[in-house]
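Take a look at the chain below.

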Amino acid sequence: MNTVFKIAKNEFRYLFFSPIAWFAMIVFLVQCAFYFSEVLYNVANVQDVMMKNVPSFTGDQDSLTIKIFLKSGAFGSVIGNLYIFIPLLTMGLISRELNNGTIKLLYSSPVSLRRMVFGKYIGIMLFNLILVLIVGIFIITGICSIKQVDYGMLLSATLGFYLLVCVYSALGLFMSSLSSYQIVSCMGTFAVLFLLSRIGTWWQKYNVIRDLTYFLSLQNRTIKMVLGLITSKDVIYFVLVAGMFVAFTIFKLKAGRESTPWHMRATRYAVTLAIVLALGYLFSRQALTAYWDTTANNRNTIHPRTQEALRELGDSTLEVTLYTNLLGEGLGHGLPESRNAVFLNYWENYLRFKPDIRFRYVYYYDYTADADGGQLLNSYPGKSIPRIAEEMADYVDADFSMFRRPEQVRKEIDLKPERYRLTMQLKYKGRTALLRTYPDPLFWPDETNMIAVLKRLTGHSIPDVYFVTGNLERSIYKTGEREYAILTALKGSRGALINTGFNVDTLNLSTQYIPEGATAVVLADPKVELGPVARGKLQHYLARGGNMLISGEPGKQQVLNPVLEQLGVQLMNGQLVQPGFDETPDKITSGYRVASLAAVAEHPAARAPGKDAVSVHQTNAMGPSGMAAIAIKNDPANDSASVLMPGATGLVFSDSPAYSARPLAATIPGATWLRSGPVVADSTLPAFNSGEGDLKENSFPTMAQLTRQAGGKEQRIIISGDADYASNVRIDKNGGFTLSAYSWLCYNRFPVYTPRPLPEDVFLRITGPTAKALQVAYIWILPGLLLLACTIVLIRRKRK
């Protein structure tokens, strides 16, 4: 080993005295300084302005460690440009010996080729530490500048950076042994680096070589480490690939001093490559992969509640079948070439905690005009579905023979209700459930969607919510402005009840009875009076302790007030108005207390039957409304949020000994009044006139929350003076509150939320002028000093 370290020391000294190495260091320093200090200054400048003008400013909304170092900072940008520097540093490692003729002396020396190659490689690895030290300058600056900096993420990113540099160096070492011309070695290193960065996208449609080429790819190998997740398979990958190129270098030099047939030399390379691929494939298996999330808040790890849902599956296998339709939405995410980089990459977070998930892939073509309104048929006039599918296969460069015919797939599963969109079916112990994808930027289901499906598979009690129909109520299937599809039954809506843990259905009380197992019944804005039969069924349901949500609209008070009479709540006559500069006066903003929906009563009788109640009570401590409050106020201590109600009336409470009633939401104090007559939203608002029955109060309750003990549990009822707050056109703004209301009605069992703690590294210790001074020092002064040191060292070296 002494010989190896002597060679490493000599190689390090040579690099240290090389003008090219000094040039690479200076350029690397300037590049790091530019990307780091530019972002640091921008953040510091914004912080100064905010602190000066916004007294309540408490810091950036995002993690500054990520913003300054990863997104566009030192690591995020510099790692992508490493290929510029390493070929310059490594191009002379061996080719210099070949060009000067000193390689013959090395061949004849008592030092083995193995030691010589290892020595040179260790020498360049030691020089790479100088690059790490340069990055370390900015890491230390960041640690001193950012409050509560995420140390773990920075250490993980540094490790990934160094491992990547060492792999590049091993490749450069091998390329340097192929030619006596350093420029050829440099260009060869560039070419192979490009190959290894792209090979993961080549031949991914072929099952035989898909995993092999993806394993060899350098693409995205450091992303997880840069984001703070260290995995054993990535570390082993870097070690194996670096070792492979070092071995190739030994083979190449050995071939220069011995006479062996070409096939024997080729066999060495082939066997080494096969061993590396086999070991890489073995250690990349999920059961043998170890993970270390170094981030402060475990941002790279699925939520503990998701882990708990996976643990409930036990040792039984979960089978996931991906159904990819050649003519459906999401095709690009389901094709074979996207399997490793997209599909399995999404599932890796779950495979980490359940490695025995099995995957199955079904490719087919089918079509229904409901999916796109017949646009596909209009685009291919006169052509049959099979013919259109063939042309689509040609368009995406796929083998048409791998796609099953519609009748073949229909025997296995009916995907017409899903409009033949890219869909996953999960199967566990004979039970099946669909895990949907969504037409939004995230595309794949989030953890809340995943938990809802897993709990269905493991036999948890799923809340049944019934929506009353027959009196022109809001529809759960229509997508018009006033309807409720996005909230309830639209399969393509990520936050819909059916995708977050509920069963929803409609119920015509004129002909149907309310099932005994109903979790909640919703009466949403009936336009005509309910008949005596329907009213009788609702009264009976409420009398036996059923949960319910009732919402009405101004002008239809006479329809709902007879139903509400037994509850001790009435809709006030008239309509609330809230004059404002930006909105029409019929738009009412109501505030509510987050805890009123997020908390489950502690009394055991208030919990829903079954083991879910307690555990999900713990999971929903915040709920969506809690997150909404933080988003609006940025103050967790302030437990308040707001809901927009377009067209609302107030509520009045009468004496009811049976129910405990309290306002759930109320108008902003002093901002609204009740108009007895009609409100014309697109005209001048009439002035307040008490003589005409207009009413002014400090605040009007717009929603009521009723509870009582009945049937061995807490009965829960919500009454609203507005129905538009949950409509398709308003759910985007009011979704958090609305979903919280349904969660409260089902005793907070679903949805199971996975809130993340807010980042703590959101504030800088330094000001804008300090950041500007650091920018000047790092971009100009420090490189200048390094250039001066370089000049002195090289001149003294030249004199010697």
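The structure holds 28 salt bridges. Keep in mind that this is a predicted model.

Start with Lys 120 and Glu 11. They form a salt bridge, with the closest N and O atoms 2.8 Å apart. The pair links distant parts of the chain: Lys 120 sits in helix α8 and Glu 11 in helix α1, 109 residues apart. Lys 120 has a relative accessible area of 3%. Glu 11 has 5%. Buried means under 20%, so Lys 120 is buried and Glu 11 is buried too.

Next comes Asp 366, which forms a salt bridge with Arg 410. Asp 366 lies in the loop between β4 and α18, and Arg 410 lies in helix α21, so the pair ties together parts that are 44 residues apart in sequence. Asp 366 is buried, at 3% relative accessibility. Arg 410 is partly exposed, at 47%.

Arg 716 and Glu 714 also meet in a salt bridge, at 2.7 Å from N to O. Both are buried.

Some charges join a network. Salt bridges link Arg 474, Arg 482, Glu 483, Asp 525, Lys 527 and Asp 724.

Which buried residue has no salt bridge? Asp 722 is buried without one; Arg 474, the nearest side chain of opposite charge, is 6.1 Å away. Asp 722 is found in the loop between β19 and α28. Among the residues it touches are Ser 551, Glu 553 and Met 645.

Now the surface. Val 271, Ile 275, Leu 279, Leu 282, Phe 283 and Leu 288 make a nonpolar patch of about 480 Å². Val 271 belongs to helix α14 and is partly exposed, at 42%.

Technical notes:
Residues numbered from 1 in each chain as written. Predicted model: local features only at pLDDT ≥ 70, side-chain atom pairs only at ≥ 80, totals over all residues. Heavy atoms only, no water. Patch = residues over 30% accessible without salt bridge, like charges linked within 9 Å, V, L, I, M, F, W, Y side chains within 5 Å. Areas by Shrake-Rupley, 256 points an atom, 1.4 Å probe, with all protein chains shown as cover. Salt bridge = Lys/Arg side-chain N within 4 Å of Asp/Glu carboxyl O. Helix = DSSP H or I, 4+ residues; strand = E, 2+ residues; numbered from the N terminus. Buried < 20%, exposed > 50% of the residue type's maximum accessible area, 1.4 Å probe, protein only. Lys, Arg positive; Asp, Glu negative; His and termini not counted. Contact = heavy atoms within 4.5 Å. Lists of a residue's contacts leave out its neighbours within four places in sequence.
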